[in-house]
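Colleague: Could you walk me through this model and show me how to read its features?
Modeller: Gladly; let us look at it together.

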Amino acid sequence: MLHFLQSSKIAQLLLTILRVSLGWMWFSSGIGKVVGGEFHAGGFLQAAAANPVLKGEDVAYPLYVAFLEHIAIPYADLFSFLVMWGEVLIGIALIVGLFTKSAAFFGGMMNTSFLLAGTVSTNPLMLIMAIILLISKQNAGQLGLDRFTPSIKQKVKKDYGNKDTLATS
């Protein structure tokens, strides 16, 4: 199965459909927040800290609650900005297939954060989709702009990768 995901031309097509679908989910969620102009994560963060996920009577993720209380809530304006623009940029990157692995990784990190806060919604499905894109390696972006990134990386490495070239520049 892994070999199929990483090298098959059929998998490229299926991964492209998966990638664009996930990208649209992120983009539509983020653009609604950006255009709406009233998105602020502060209330969500405070509610997640005040009503944490429980395991029996104990807090299931105490480190996450501490993160919310000591970092996220005091900087809620920054986190609001990062969430809405992160969703838009992750969506665009996945739709066009540019930096697919990075976009899938950061999207998965946001899904995990939402899950740790107790928000189920579509997050488990989106996380599974991101994991599939990640394990497919380069194949997920081959029918997108990632097709061109290896040649760009080679050119940059050739032009700037040599330490002697950098020292004499």
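This is a predicted model: local features need pLDDT of at least 70, side-chain atom pairs count only at pLDDT 80 or more; totals for chains, interfaces and linings use all residues.

Colleague: How many helices and strands are in the chain?

Modeller: Helices (H or I, at least four residues) and strands (E, at least two) are DSSP runs, numbered from the N terminus. Here the chain has 9 helices and 2 strands, in the order α-α-α-β-β-α-α-α-α-α-α. Along the principal axes, its C-alpha atoms fill a box of roughly 55 × 45 × 35 Å.

Colleague: Which residues of helix α4 are buried?

Modeller: Buried means under 20% relative accessible area, exposed over 50%, and partly exposed in between, with a 1.4 Å probe and protein chains only. In α4 (residues 62–72) the buried ones are Tyr64, Val65, Leu68 and Ala72. They lie on the same side of α4 because they cover an arc of only 105 degrees around the axis, the arc being that of the directions from the helix axis to the C-beta atoms. The general idea is that an α-helix has 3.6 residues a turn, so residues three or four places apart point the same way. On the face turned away from the buried side, α4 carries the exposed Leu63 and His70.

Colleague: What covers the buried residues of α4?

Modeller: The cover includes α3 (42–50), β2 (58–59), α5 (76–96) and α6 (100–116).

Colleague: Why does Thr16 count as buried?

Modeller: Thr16, in helix α2 (residues 9–36), counts as buried because its relative accessibility is 13%. Contact means heavy atoms within 4.5 Å; leaving aside neighbours within four places in sequence, Thr16 is in contact with Ala140 and Leu143.

Colleague: And is Trp85 buried or partly exposed?

Modeller: Trp85, found in helix α5, counts as partly exposed at 34% relative accessibility. Trp85 and Gly30 are 55 residues apart in sequence, yet 6.5 Å apart in space, C-alpha to C-alpha.

Colleague: Where does UniProt place the feature "transmembrane region"?

Modeller: UniProt positions are given in the numbering used here, feature names are shortened, and annotations may be inferred rather than shown by experiment. The unreviewed UniProt entry gives residues 78–100 and 112–135. In the model, residues 78–100 are 87% helix and 0% strand, with end C-alpha atoms 25 Å apart. Residues 112–135 are 75% helix and 0% strand, and their end C-alpha atoms lie 17 Å apart.

Colleague: Which residues line the largest cavity?

Modeller: On a 1 Å grid over the protein atoms alone, a cavity is a set of points where a 1.4 Å probe fits but cannot get out, and a pocket is an open set with protein on both sides within 12 Å along at least five of seven lines; lining residues have an atom within 4 Å of a point. Grid points are joined across faces, edges and corners, and a volume is the space filled by probe spheres set on the points. The structure holds 1 cavity of 30 Å³ or more. Ala48, Pro52, Val53, Val59, Tyr61, Tyr64, Val65, Leu68, Leu116 and Ala117 line the largest cavity, and α4 gives the largest share of that lining, 3 residues.

Colleague: And what is the volume of the largest pocket?

Modeller: The largest pocket has a volume of about 680 Å³. Of the 29 residues lining it, Val83, Glu87, Met110, Ser113 and Phe114 are the closest to its centre.

Note on methods: Residues are numbered from 1 along each chain as its sequence is written. Side-chain values use heavy atoms; hydrogens and water are left out.
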